[in-house]
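Student: Please give me a close look at a single part of this structure, and then link it to what else you can show me.

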Amino acid sequence: MILISEDVWSEDFAELQKRFPITHEPDLWSRKEDLKSKLADATALVVRNRTQVTRELIESAPKLKVIARAGVGLDNIDIEAADENGVVVAAALGINAVAVAEHTLGLAISLARSIVDRDKSTRSGEWNRGAGSEISGKTWGLLGFGATGRAVAKLLQGFGCEVIAYDPFVKSAEGVKLTTLEEVISKSDVISIHLPATKETTGMINRSLLEKMKKNALLVNVGRGEVVNETELEAALKANVIAGAALDVRVNEPPKDDLFKGLHNVILTPHIAGITEESQAAINRVLVSEIEAALTNSPHKYAVGKVKQATR
């Protein structure tokens, strides 16, 4: 049985259901004991980012062969536990990079031109034609130069931006200057975050770094909410330490008492950078192929852990 614990579905899954039984419960992630119970008979588990696939959960699923992640973040899956239990972890890494990159540029341009505020004021009867600023020709800093960082850099070629990047795991990047964190922070007019949540990156963007940014700089986070110290960012925005921020990802999703909801120099979106019709269709095709591979003992193309073939 294939178990889908979040809002993941497409025609590809409908076709798969003709050959393998599927249980699809989009809110199952929130019912931990129910999820654990249903996993006892599952051979495949499909999740997004809300299902916490812990060691306990994996060890309670003796038939589980594959965990398929609809998205790129893997911080909600205990990959080490999956490896130790012979379970393949599959994720369509890089498949939604263009979607994330387009959203990143859209947020930055919206901030630079105050599009959200201008929409609201125009609807209220005002006609405020004050000047915004341009992205073209500016210095854009990337924190993280994986698939999404590279996709942003490619789109920025058409804007004539100087693109600099910080990523200690990347040694070369054509057309992009790889440099230090300090240089990216101090020299960039726009900084976009494309980092995972790790011990090293959690709280990386704090008051100290924010104060080293240009006063007119914009910050865009499409990586992980944990990378930004939200309390210190709120204080910096209120004090006009930087010009603005756009946050697609948050420490808590959804946030309960949002620190930023009253700030005019912030744009908030609900973790949708990678979600487009095109990207979701492509991701689902990959997930279905990985599930089929696990259930038919075929080779995997998108296994991200050490286990490349399920041993259960």
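Tutor: Start at helix 7 (residues 147-156) and ask what covers its buried residues: the cover includes helix 5 (97-112), strand 6 (139-143), strand 7 (162-166) and strand 9 (190-193). Those elements are DSSP runs numbered from the N terminus, helices being H or I with at least four residues and strands E with at least two. Keep in mind that this is a predicted model, where local features need pLDDT of at least 70, side-chain atom pairs count only at pLDDT 80 or more, and totals for chains, interfaces and linings use all residues. Residues are numbered from 1 along each chain as its sequence is written, and side-chain values use heavy atoms, with hydrogens and water left out.

So who's tucked away in helix 7? Thr 148, Gly 149, Ala 151, Val 152, Ala 153 and Leu 156 are buried (under 20% relative accessible area with a 1.4 Å probe on protein chains only; exposed is over 50%, partly exposed in between). An α-helix has 3.6 residues a turn, so residues three or four places apart point the same way.

Five strands form an open sheet with parallel pairing, in the order 2-1-3-4-5 (two strands pair if DSSP finds at least two bridges between them). Strand 2 (22-24) and strand 5 (88-91) sit at the edges with a single partner strand each, so one side of each has no neighbour in the sheet. On average, neighbouring strands here are turned by 15 degrees against each other, direction ignored (axes are lines fitted to C-alpha atoms, for helices over the stretch in contact, and angles run from 0 to 180 degrees between N-to-C directions).

Zoom in on one pair: strand 1 (residues 2-4) runs parallel to strand 2, joined over three bridges. Leu 3, for one, has Thr 23 in strand 2 as its bridge partner. Packing on this sheet is helix 11 (residues 277-295), which touches strand 1, strand 3 (44-47), strand 4 (66-69) and strand 5. The direction of helix 11 makes about 175 degrees with that of strand 4.

Last stop: Thr 43, in the loop between helix 2 (32-39) and strand 3. Thr 43 is buried, at a relative accessible area of 17%. Skip the neighbours within four places in sequence, and Thr 43 is in contact with Met 1, Ile 2, Lys 63, Leu 64, Lys 65, Val 66 and Leu 295; contact means heavy atoms within 4.5 Å.
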